Amino acid sequence: MFYAFQDYENLYLVTDLVTGGDLRYHHNKRKKFTEDQTKFFVACCITGLEYMHNNGVIHRDIKPENLLMDSMGYVRITDLGISREWTPDNSQDTSGTPGYMAPEVMCRQNHGVAVDYFALGVLTYEFMMGKRPYTGKSRKEIRDLIFSKQICLRKSDLPEGWSMEAADFINKTL
C-alpha cells in the first residue's frame with residue numbers, strides 16, 4: 001500500500017494495479033493446474049508469508065480469492081482484513097474461510113503461523129485434484145471431516161505429471 005486516505009463516506013487504499021485476476025478465476029477456468037504452475041504459485045505465497053511471519057503477522061485467510069496475479073504471473077497476497085499480529089493467547093481469533101481454516105482455529109485454540117501453511121496445503125491439494133480436500137455445508141461439518149479423515153496422499157492418488165514430493169508437501173502441511 002502506498003497511501004491511505006478517507007472522506008466522510010469511504011476509506012481509500014492506493015496499491016499496485018494488479019490486473020491478472022485472482023487464482024479462483026483461473027482455477028475455475030482450468031479446473032486443475034500442473035505441478036510446475038502450482039509450484040510457482042506456492043513459491044510466491046511462501047515468499048509473501050515468510051515476509052509477513054517474520055514481521056509477526058499471521059494472514060489467517062489464505063485462499064484462491066485472496067491471491068491475485070500480476071501482469072507477469074506472480075502471485076500477490078491480498079485481503080489482510082482478518083490478519084493479526086501474532087500473540088500467544090489468540091484462541092478467540094477464529095475468523096477465516098472454513099474450507100481453508102486450520103483445525104486449531106476452528107477449535108478455538110491458540111495458533112501460530114502454521115495456520116497459513118495449512119491453508120496453503122489445502123490450496124495445493126485443490127490445484128492438484130480440482131477440489132478441496134475437506135468440503136461440507138457448515139464449519140462443523142468441515143471440522144469433523146478434518147478430524148475423521150486425515151489426508152494422506154499416496155503415489156496411486158496422484159494425477160499424471162505430479163510427483164511424490166508434491167504429495168509429501170500436501171501431506172505435511174495438512
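1. On a 1 Å grid over the protein atoms alone, a cavity is a set of points where a 1.4 Å probe fits but cannot get out, whereas a pocket is an open set with protein on both sides within 12 Å along at least five of seven lines; lining residues have an atom within 4 Å of a point. Grid points are joined across faces, edges and corners, and a volume is the space filled by probe spheres set on the points. By this rule there is one cavity of 30 Å³ or more. The largest cavity has a volume of about 90 Å³, and the residues lining it include Arg60, Asp61, Ile62, Tyr100, Met101 and Val115.

2. Basis of the values. The model is predicted, and local features need pLDDT of at least 70, side-chain atom pairs count only at pLDDT 80 or more, and totals for chains, interfaces and linings use all residues. Residues are numbered from 1 along each chain as its sequence is written, and side-chain values use heavy atoms, with hydrogens and water left out.

3. Largest pocket. About 580 Å³ of space lies in the largest pocket. It is lined by 18 residues, of which Met1, Arg76, Ile77, Thr78 and Leu80 are the closest to its centre. Helices (H or I, at least four residues) and strands (E, at least two) are DSSP runs, numbered from the N terminus. The elements that give two or more residues to the lining of this pocket are α2 and β5; α2 gives the most, with five residues.

4. In one of them, arginine 24 pairs with glutamate 126, and the closest N and O atoms are 2.7 Å apart. This pair links distant parts of the chain, as arginine 24 is in helix α1 (residues 23-30) and glutamate 126 is in helix α4 (residues 114-129), 102 residues apart. Buried means under 20% relative accessible area, exposed over 50%, and partly exposed in between (1.4 Å probe, protein chains only). Arginine 24 is buried at 14%, and glutamate 126 is buried at 4%.

5. Histidine 27. This residue also lies in helix α1 and is buried, with a relative accessible area of 4%. Contact means heavy atoms within 4.5 Å. Leaving aside neighbours within four places in sequence, histidine 27 is in contact with Lys32, Phe33, Glu126, Phe127 and Gly130.

6. Lysine 140 and aspartate 144 form a salt bridge with closest N and O atoms 2.8 Å apart. Both residues lie in helix α5 (residues 139-148), four residues apart, about one turn of the helix. Salt bridges that share partners join Asp16, Asp70 and Arg76 into one network. Aspartate 70 is buried at 12%, whereas arginine 76 is partly exposed at 32%.

7. Nonpolar core. A nonpolar core is a set of buried Ala, Val, Leu, Ile, Met, Phe, Trp, Tyr and Cys residues joined through side-chain atoms within 4.5 Å. The largest has 40 residues, and those with the most contacts inside it are Leu23, Phe41, Leu67, Val75, Phe118, Met128 and Leu153. Its largest share, nine residues, comes from α4. Not counting residues up to four places away in sequence, phenylalanine 118 touches residues including Tyr100, Met101, Tyr134, Ile146 and Leu174.

8. Cysteines. How many disulfides does a search of the whole structure find? With a disulfide taken as a pair of cysteine sulfur atoms within 2.5 Å, the search finds zero. For cysteine 45, the nearest cysteine sulfur is that of cysteine 44, 6.8 Å away. Cysteine 45 is buried at 0% relative accessibility, whereas cysteine 107 is partly exposed at 31%.

9. Backbone points for review. Most residues other than glycine have a negative phi. Aspartate 79 has a positive phi near 55° and is found in the loop between β5 and β6 (84-85). Arginine 108 also has a positive phi near 55°, and this residue lies in the loop between α3 and α4. Aspartate 79 is partly exposed at 42%, and arginine 108 is partly exposed at 45%.

How values were computed
Salt bridge = Lys/Arg side-chain N within 4 Å of Asp/Glu carboxyl O.
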